[in-house]
Amino acid sequence: MAETSACAQNGRVWETGDAGRVPYWVYTDQDVYQRELQRIWYGPHWLYCALECEIPNVGDFKTTTLGERPVIVVRSAEDEISVVENRCAHRGVKFCQARQGHTKDLLCPYHQWAYDLKGNLVGVPFRRGVKRQGGMPRDFDPGNHGLNRLRVEVVNGVVWATFSDETPPFRDYLGEKFWAHYTRVYDGRKLEVLGYNRQHIPANWKLMMENIKDPYHAGLLHVFFVTFGLFRADQKSAVDIDETGRHGILISRKGEQEVNDVTADLRNFQGDLKLADPRILDVVKEFPGEDTVGMITVFPSVILQQQVNSLTSRQIVPKGPAGFDFHWTHWCYADDTPEMKLRRTRQANLFGPAGFVSADDGEIIEMSQQGFTPSDMEEALVMMGGREIAPTDYMVTETAIRSMYRYWREVMGL
């Protein structure tokens with residue numbers, strides 16, 4: 001109650017019950033952002049950490065950031081992965097600076113406190129002092145001073161972690177409908193990394209969640225999508241949401257480069273645009289059904305992309321109310337043929353910071369933040385498709401954005 005009152009005193013109250021209007025301060029206010037960290041990022045939500053294949057051997061590790069807290073994802077035993085905060089229990093040092101590596105233990109260089117791969121404190125230099133002088137108090141118990149350890153689930157090759165004991169099991173967190181969407185691509189086969197991209201986007205982290213929940217823009221903003229028929233309003237498509245409203249998926253089928261009733265009205269359609277190397281659109285059907293696109297947003301931290309044969313996880317790392325880092329991991333199945341791995345690598349050029357498609361998103365999201373910031377008491381409209389919140393079998397809608405903000409308001413108490 002105290003938080004709600006304080007927020008109201010700051011004028012940050014979502015006055016209307018209309019889900020079709022989102023106040024600009026949702027994207028700009030520092031107090032709202034701090035509340036998001038506590039209630040969403042460090043609350044009862046699963047956060048994407050890594051692909052299991054990135055740390056195949058005991059002692060292999062990868063560092064990342066969940067919310068604003070740095071963590072180490074480490075293979076702590078043959079069949080176990082641990083996620084611990086990258087912060088020494090002694091003086092709070094972010095002791096692991098490498099992005100990836102291999103180690104026998106976790107050692108802080110400042111005072112050489114040593115932890116095993118599960119985060120247990122196993123070594124404190126001069127714990128008994130020197131020549132009976134100094135050292136730790138006699139009641140010091142190493143068992144009470146390990147690294148903060150997160151709950152972890154490894155689900156079909158993906159490592160998930162949560163700071164909260166109240167987070168339900170991952171399958172329940174997705175719900176059965178989204179479990180089916182998830183396992184369509186993450187089906188239990190071993191994965192293999194093809195490569196990485198990283199970028200910083202000077203805009204609020206929720207705008208990237210919105211972007212992937214918004215099929216409406218894809219056929220208008222993206223010249224490549226519009227022209228070559230990868231994702232366009234005239235194609236058979238659907239928008240699905242889970243029961244809570246926090247997760248979403250965009251589903252579509254590839255079309256062709258053709259003039260029709262829809263493309264004739266699209267300013268960005270370029271019927272004479274040709275590819276110097278058409279192999280980037282050398283698409284092979286590989287998943288059940290006729291759908292060629294499945295873009296899942298697992299709230300709040302990741303977009304799981306299947307776009308034709310391109311497979312990517314896109315991790316969101318918030319950096320204040322007006323910025324986030326975006327980590328792209330392009331991957332394939334370990335048993336893919338060399339030809340399929342090359343095909344996926346080529347198609348990865350559609351995405352990433354400089355991708356033929358995704359470069360548009362980074363720029364337009366930054367432009368959105370530029371518009372919100374000086375006028376944060378005004379409102380953004382998310383009314384396309386009406387005011388309802390429900391799955392649809394078409395893409396000219398913003399229903400999944402309305403759904404996310406209904407959930408966001410419940411969690412945030414706004």
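How many aromatic pairs does a search of the whole structure find? The search finds 23 of them. The rings concerned are those of Phe, Tyr and Trp, the last by its six-membered ring, and two rings pair if their centres lie within 6.5 Å; planes under 30 degrees apart count as stacked, over 60 as edge-to-face and the rest as tilted.

Before I go further, a word on the basis of these values. This is a predicted model, in which local features need pLDDT of at least 70 and side-chain atom pairs count only at pLDDT 80 or more, while totals for chains, interfaces and linings use all residues. Residues are numbered from 1 along each chain as its sequence is written, and side-chain values use heavy atoms, with hydrogens and water left out.

Helices (H or I, at least four residues) and strands (E, at least two) are DSSP runs here, numbered from the N terminus. F95 has a relative accessible area of 8% and is therefore buried; Y115, at 0%, counts as buried too. For these terms, buried means under 20% relative accessible area, exposed over 50%, and partly exposed in between, with a 1.4 Å probe and protein chains only.

Strand β8 leads us to its sheet. Three strands form an open sheet in the order β7-β8-β9, with antiparallel pairing. Its edge strands are β7 and β9 (121-123), each of which pairs on one side only. Two strands are said to pair if DSSP finds at least two bridges between them, and β7 and β8 are joined in the antiparallel sense over two bridges. Within this pairing, L107 has A114 of β8 as its bridge partner. The loop between β7 (106-107) and β8 (114-115) contains Q112. Phi of Q112 is near 60 degrees, a positive value in a residue other than glycine. Q112 counts as partly exposed because its relative accessibility is 48%.

I turn now to strand β11. Which residues of β11 are buried on one side, and which on the other? V158, W160 and T162 are buried on one side, and V159 and A161 on the other, so that both faces are covered. In a regular strand the side chains alternate between the two faces of the sheet. Strand β11 spans residues 158-162, and five of its five residues are buried.

Two strands pair with β11. Strand β2 (residues 47-51) runs antiparallel to β11 and is joined to it by four bridges, with Y48 standing opposite W160. Strand β10 (residues 151-155) is also antiparallel to β11, over five bridges, and R151 has T162 as its bridge partner. β10 and β11 make a hairpin with two residues between them, and N156 in the turn has a positive phi of about 50 degrees.

Together with W46, F170, W179, Y182, Y186, W331 and Y333, they form one aromatic cluster. R69 also meets aromatic rings. Its charged end sits over the ring of Y42, 3.8 Å from the centre, and over the ring of F163, 4.9 Å from the centre. The criterion is that NZ of Lys or CZ of Arg is within 6 Å of the ring centre and within 35 degrees of the ring normal.

Next, two backbone details. A cis peptide bond, with omega about 0 degrees, joins F299 and P300. P300 lies in the loop between β15 (293-298) and β16 (302-307). The loop between β16 and β17 (310-318) contains V308, whose phi is near 50 degrees, again positive in a residue other than glycine. Is V308 buried or exposed? V308 counts as buried, because its relative accessibility is 3%.

Finally, a pair of positions separated in sequence. A238 belongs to strand β13 (residues 237-241) and is partly exposed, at 21% relative accessible area. A238 and D291 are 53 residues apart in sequence, and their C-alpha atoms are 9.9 Å apart in space.
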